[in-house]
Amino acid sequence: MNKLTIGWMYPDILNLHGERGSVQALARTAERLGLEAQVVRVADFDDEIPFDRLDLLLFLPGELKTLAVIREALRPQEARLRQYVEDGGTVVAIGTSGLIFGREILRLDGSKVEGFGLLDLTAKEREYVWGDDLHVCLRENRQELIGSQVQMADVETSMPLGRTLYGRGNKGDGAEGARYRNLIYTNCLGPLFVKNPWFAEELVKNLVLRHLGLKPGTADELAQASFDTTLRFLNSKKKP
Amino acid sequence: MKFILILWFCKLLAMLVNLIDRRRGTNYSGQMALRLMPGFVKGFKGIDFDKVVFITGTNGKSTTTNMVRNTLVSAGRTVACNVEGANMMAGVATVLIKNSTLGGRLNKEFLVLEVDERSLPGIRKVLPGCRMGITNLEKDQDQRNGDPDLIYSKFEAAIGPDMTLYLNNEEPRSSALAEKAGRAVWFSVAENARRFAWHDDYALTLPCPRCSHPIRFSRYNLAGIGPFRCTHCSHASQPEPQVRLTEVDFEAGTFRCGERQYKVSYTDPFYLYNFALVLAVGKDLGLTDEELDAAFRGFVNPVSHDQVYHWRGKEIRYLQGKQENPEALQSELDVIARDPRRKAVAVGMYKVTDFEPHYAGSFYFFDCDFAAIAQGNVAACVAFTETICYDLAARMIYAGVPEDRVTALDTEEPGPVLELLEKTDAPVLYILTNTKHFRQINDYILSHGGTRDE
């Protein structure tokens, strides 16, 4: 693998919170790691998504009302999108755009937007916007993310991406974002990959490993499981 | 009777507040009146709602409101106006308290009000004015406003078929509101020498407010403003707007509208749209070209904060921008980029501490195009203010400013910033901050041997 091809999904629609900087940051990270970076804009709703060419799909935050239109626009390509995710393809959805990968979005006007259901997630539009800073510890590797969030909807999920160290996260219950295989949803803005270059680097390295057909060894998976259970045990102990 | 008693009390209060602290005089008496009687504004009489002009939008509200007021006064009309910018319900109530008789009757012919976007539905409910100019509707204060559609929906709720809207023909969001109003008057600026262009490869537009499909621009007069069309529905700039500024000559300070040439003191591109909006309102209210021209020639913007200093052999150009407002910040960046001279640039944007929770979000830097500065003749870039400086410095590097020319200073003290700028070989220093910190920097320059052009 000598090239990273980033699919920038609907840039003129999902255009909020300066997250276009995350596209720049990913391209920059790839180049720093010795890869050529190519950004493919999937600009219009009738554009066919070139899944075979894309190393990752990047969905950035957009206006809540556009999500229903995006969901409909993706319907003809839904089967291929599902397959891409099930095959371990990487999709990063930042802010509101992550909600379309959940089960449903409940709007304040009583309407519902049905999501793809790839994430066990439901979203309920908030009466007022919650904007604050955000500090997160990722469940998978204890990496920390820092940034801010502009929360338009409260989110309930059984598969959080991480837990909040500061901030509201999904709905103030300590959970932040969601993850299924390599489909990642986070509320963390920054731009995400500008403020958290270690996260961008991890993502690109994993893409290279995946391309080379390398998977974590059994011992590594056991170590991860050990980490999780030991941490639970430590947290349950009384402090000396 | 309750209304009259509160009015008298608040008139007295307004006089006392003006004697003690004029800065609180724009709001305090109105606040008190609303506390005593929430529906207070509805009690005023003698208001001709056809002569109530609201001015709202993301950017340019205060300047345009001042211009409309100045134009009407210059033409001999009497006007009540919140010129100091107290643009929520309490500010409106204060204007009415100060411009009414003891019986609660408005004693001016026109009521020209700058109105905060979020306050618009509530104000229109108690004061059903029939005319509204919208400067533009763009990304702003995401921490509070979330996405621009939230403000768009507030506008939709406030606009009725009894209204005439004055709409920016080149701004896709606000122009879509025409379908909610009884009548729309379009203002426009023709292609000119200071058109905006994206300098990076990551340019983007916006979703159509009607159908959510992408909007395409044929060119930009400002970031996000230019002739446009939706790729899906019929939403597009009008081919023949009623008011169109043409033949803009930035050096001479002139433009043409119809048969008449106007001479003005302010020619930055965003001012052109302000003048265009004032022409749309003024012509629609029956002012003559001569009256409009005379008003424009004498117009001095009381809310302009840009200053020029001379300090230790260098020229300092101090610009004040709004933070969390990409288009306003972009306009200031464009001013810097247009200056061909060798320059050093210091930008200071701050944590938001106006309300809880305080906030260090700085993503709006990436909604702006800093590349024009990077490609200009820049000796050094300094990013300052606590916490935010590192994000801002990173933004400059992403824009292409060489790393060795970027410095992050984690301070809000003007001294270290100015000392650093002074050491560069640039004869011109640009300082860009938000409006709140003007006094601190102004005082430092003047107390360290600087002089300010008046």
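Me: Where is A:Pro191 found in chain A?
Reply: In this predicted model, A:Pro191 sits in the loop between β12 (183-186) and α4 of chain A.

Me: And what is the peptide bond from A:Gly190 to A:Pro191, cis or trans?
Reply: That bond is cis, with omega near 5°.

Me: What about B:Glu356 and B:Pro357, what kind of peptide bond joins them?
Reply: A cis one, and omega there is about -10°. B:Pro357 belongs to the loop between β14 (343-348) and α12 (371-374) of chain B.

Me: OK, switching to the interface. How many residues does the contact take from chain A and from chain B?
Reply: Chain A puts in 41 residues and chain B puts in 43 residues. Between them the two chains bury about 3400 Å², with 54% of that on carbon and sulfur atoms.

Me: What does A:Asp12 form a salt bridge with?
Reply: With B:Arg216, and the closest N and O atoms are 2.6 Å apart. The count between chain A and chain B is 7 salt bridges.

Me: Which element gives the most to chain A's side?
Reply: α1(A), with 7 residues on the side of chain A that touches chain B. The residues of that side divide into 20 nonpolar, 11 polar and 10 charged.

Me: Now chain B's helices. What should α1 of chain B span, and what does the model show?
Reply: Helix α1 of chain B covers residues 2-20, and at 1.5 Å a residue its 19 residues should span 27 Å. The end C-alpha atoms are 27 Å apart, so the two agree.

Me: Which residues of α1(B) are buried?
Reply: They are B:Phe3, B:Ile4, B:Ile6, B:Leu7, B:Cys10, B:Lys11, B:Leu13, B:Ala14 and B:Val17. What covers them includes α2 (28-36) and α4 (89-98) of chain B.

Me: Then α9(B): how many of its residues are buried?
Reply: 13 of the 16 residues of α9(B) are buried, so the helix is largely enclosed by the rest of the structure. Just after α9(B), B:Gly286 takes a positive phi of about 95°.

Me: Which residues other than glycine have a positive phi?
Reply: Among them are B:Thr385, with phi near 100°, and B:Thr387, with phi near 70°. B:Thr385 lies in the loop between β15 (378-384) and α13 (389-398) of chain B, and B:Thr387 is in the loop between β15 and α13 too.

Me: Are those two buried or exposed?
Reply: B:Thr385 is buried, with a relative accessible area of 0%, whereas B:Thr387 is partly exposed at 40%.

Me: Last one: what does B:Ala181 touch?
Reply: Leaving out residues up to four places away in sequence, B:Ala181 touches B:Ile159, B:Gly160, B:Pro161, B:Met163 and B:Leu165. B:Ala181 counts as buried because its relative accessibility is 14%, under the 20% cut-off.

Notes
Residues are numbered from 1 along each chain as its sequence is written. Chains are lettered from A and ligands numbered from 1 in the order in which they are written. This is a predicted model: local features need pLDDT of at least 70, side-chain atom pairs count only at pLDDT 80 or more; totals for chains, interfaces and linings use all residues. Side-chain values use heavy atoms; hydrogens and water are left out. Contact means heavy atoms within 4.5 Å. Buried area is the accessible area (1.4 Å probe) that two parts lose on being put together, summed over both. A salt bridge is a side-chain nitrogen of Lys or Arg within 4 Å of a carboxyl oxygen of Asp or Glu. Helices (H or I, at least four residues) and strands (E, at least two) are DSSP runs, numbered from the N terminus. Ala, Val, Leu, Ile, Met, Phe, Trp, Tyr, Cys and Pro count as nonpolar, Asp, Glu, Lys and Arg as charged, and the others, Gly among them, as polar. The expected span of a helix is 1.5 Å times one less than its number of residues. Buried means under 20% relative accessible area, exposed over 50%, partly exposed in between (1.4 Å probe, protein chains only).
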